[in-house]
Amino acid sequence: MTTTTPHAAGELFAQALRYDNRPDPYPYYAQLRSEPVVCAQDGTWLVSGHREISLLLRDPRLSADRLNPLQQPVRKSLLMEDPPRHDQLRHLVVQHFVPRIMGMREHIDELVTGLLDAHTSERPGQLDVVADLAYPLPVTVICELLGVPREDESVFGGLARRLTRGLDPVNTQTEDELRELQQARAELVDYLEGLIARHGATPTDDLLSALMRDQGPEGSMDPVDLRVTLGLLMIAGHETTVNLIANGTLTLLRHPDALTRLRTDPDLATPMVEEVLRYDPPVQMSGRSTVADIDIAGVTIPKGARVRLLLAAGNRDPHRFSEPDRFVPDRRDNAHLGFGGGIHYCIGAGLARAEAQIALTALACRLRSPRLVADPPPYRENAVLRGPEHLLITFDRLSPAPVPTPVPTGSTATFGTSG
Amino acid sequence: MTTDSPPTELRLVVDLNRCQSYGQCVYAAPAVFRFHGEEALEYDYAPDPGRRREVERAAAACPVQAIGLGRATEPAPSAGEGAR
Amino acid sequence: MTSPERIVVVGASLAGLRAAEALRDEGFAGELTLIGDELYAPYDRPPLSKAVLSGRLTTEHTVLPRLRNIDARWLLGTAAAGLDLGERRVLLDGGRQVPFDRLLVATGTRARSWPAEAGGALHGVHTLRTRDDADRLRGELAAGPRRVLVIGAGFTGGEVASVCRDLGLAVTVTQRSGAPLGSALGGVIGRAALRWYHDAEVDLRLNTTVRALEGDGHGRLRRAVLSDGTVLEAEVAVVAAGALANTEWLTGSGLAADPRGLVCDGVCRALAVDGTPVADVFAAGDVARWPHPLYPGQLLRLDHWDNAVAQARTAAHNMVQAPSDHRTHRPLPAFWSNQFGINLKCVGLPALADQVVVTQGSPEGRCFVAAYGRQGRLIAAVAVDSPRVLDGYAALIEAGAPFPPVLNATDGPEDLNPLDATDEPGGRPTTPVPAGRR
């Protein structure tokens, strides 16, 4: 039975959201987890247990509708849309997006090399991992994929930042911020409509053109769906992987043994990025609402309730992970919730993993004696999409990229061995 | 008999009850995993040893950890050796 | 119970291998022997009727991974012929004997074959259970027969027919009842499966059985005579008519074994014919029949992949631990099938249901979920091309949720219309139950 009072639960959650606690919300999540499902005083249900989050992510009684009047856009993106419309939209996007991100590792490697080459130095120097690598890498990739001119970055980057702040709980945002959100939404519509119009005039082979051309069984996307989907992909490409790479770098710098191991064993990047996704996930929580009563963990979440799935809390659930507060770079059986789960599982997960694996390996291999300038680093305001604003590091040397060793190619499918 | 594989060769199995067709393995190792239709996963239990890195990426990326990696150690066949 | 020094596992497939590994995980350090009648190292059977038949995977590429060293003595290509419980010895073909302190029976099942007097011995008539079966059938399919006859539209039959169509082969399927998969999954899935068969252009003959298979002068299959008198030309026939437990070797042993399986108790101990558990003999996998606490009043035999793995682990644990530490085997049954490009996943036991209702999507579309009830409780769910929602149903089943379940799924019907679970296509819905949507 619930022993945490709604007030206490709400207080703990408020503490986790406080900007002062942005560098380390985890102690508050740990306290919340003593009741894996609990109702806060504002009526929101907070879910912090790994098992409970996993189940609810896959439960048809949950809707992706956040029931938040301030966040209701005119038309919902597939992130906030439910089946069957969600499935149609997602199917269209996956069909065009996934083939385009297959076999991209080499290109990502080139981009990482190029970004770090700009700072190569035989002498001690300084790098802002966010501004110099973690942000430009995914942004370049998503812009290339979608066919967005790189020079639009100055317009779009600021918009994305202001819009994702809108994902945070409303009561943590100021009046000014909320006003700014409305303004940013309007600007986004203008910007995206312009972009779509330009693509309509001169179609190319990028993702946006493909989505515009698609005449699948459900027909093509109407202009509003197209705009909303484009906005979602753009924002996700701008505001999530940046935190994965930055959180990963920060974690590595706090665990020099892991950094050393990664330098000598690049294969460690594979389990290590999963561990970053568990230990310090770039998306901390995900909102839902209930369409029926749900009995779970000894309580009943009533129909029509707002629910917050605290992914970052579930990722440190001792019932699922041994030594959950320890960063174990080669952790096995790491069923973390970093990309969510169920029908809304992150579409860009594969791309984000590849970008983070390559970026972190490059940093480990090329930096000598990297040190944090400030620990903790300054964090961004955003609580849901959480990560450092800047990640200044000093180093003794930033080596040139090592000569690439040939890796077995695997981008073309040759499934099976028989004819 | 199939005794020609070195014992350290990579073998894998997917728990297809646990699998929810997220497709992360297909992304990580398209030569080893594929969908037949929209959601039906097929895979090679004995991939080319050169695919090891890709397969390890696939196993690590599986959101429900349904991919089991092991080795190929073949049992020495014997028609009754040791039996009385 | 003294700790055993010699453990023998009869059956070297999925359950036998995983049990052997689990025995070592449990700390068993004595002599471990695996006996298998096939010559091959343990391999996985599910792909045989799918990727292997279609030619996308060779049988060499279905070998199961070894998850740990088991330091076992392997007797492969060696069938167990008998069991001497008193002397605690397994008798092998050829008269040799293997002594044991503790025995695990994991001999599985085999495909029910076609009677020789009705043409079962003809060249071109197949069953599909083993690697060799799959290689033989694959060879014949690759040669491009003019028509394939599949006898039975259950899971295996559907998978084989589906592969035949992928290969561009003409295929006829006979089914005793009025819909494919009907006996296992009921009318709702049966109706959907009718469409999968139809869309794949399978010649499906419902309410039809095969009277006889007939050959030419060379003993080669040429035609089938169906129950309605139709004569069907076919060069290949696949008998997909269920499975029999491999228990002949236990005949006369004093164990409660018959073609339905070897009866054991909830902790995997084999039972003697008088119903008392035999302390040193355990069973796991397809061969075992046991009383599942979730389904009282009957003995279950589950030829499911995950049951083989889970029961092997439970049996292995109980084989080396004191009875006070024995675990009960009580999994939520789960299985899958891939056919006609569709992924079908199931939790619970739909065959025991008295009612079924579509809760998400529509059987007329590609994706949907059907929930199954028995006496007002949710007992099973089948997800068609919807693998990411099934965990939610599994939790509801385990919690004993009422049927029809109140889900209000956003892709669900306005009103839930439970049907008689055994209704064949064309059946009428029972009284609609308002779903209480928002």
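How far apart do the C-alpha centres of domain 2 of chain C and domain 3 of chain C lie? They lie 28 Å apart, with domain bounds coming from an automatic or database domain assignment. This is a predicted model, in which local features need pLDDT of at least 70 and side-chain atom pairs count only at pLDDT 80 or more, while totals for chains, interfaces and linings use all residues. Residues are numbered from 1 along each chain as its sequence is written, and chains are lettered from A and ligands numbered from 1 in the order in which they are written.

**Domains of chain C**
- Domain 1 spans 6–47 + 60–110 + 244–325, domain 2 spans 111–242 and domain 3 spans 334–420.
- Domain 2 of chain C puts 14 residues into its contact with domain 3 of chain C, which puts in 15 residues (contact: C-beta atoms, placed from the backbone, within 7 Å).
- On the domain 2 side, helix 4 (155–166) and helix 5 (182–199) of chain C each supply at least two residues (helices are DSSP runs of H or I, at least four residues, and strands runs of E, at least two, numbered from the N terminus).
- Helix 5 of chain C gives the most to that side, with nine residues.

**Hairpin of chain B**
- Strand 2 (residues 33–36) and strand 3 of chain B run antiparallel and are joined by four bridges (strands pair if DSSP finds at least two bridges between them).
- Three residues separate these strands in a hairpin, and G37(B) in the turn has a positive phi of about 85°.
- F35(B) stands opposite L41(B) in strand 3 of chain B.

Methods
Contact = placed C-beta atoms within 7 Å.
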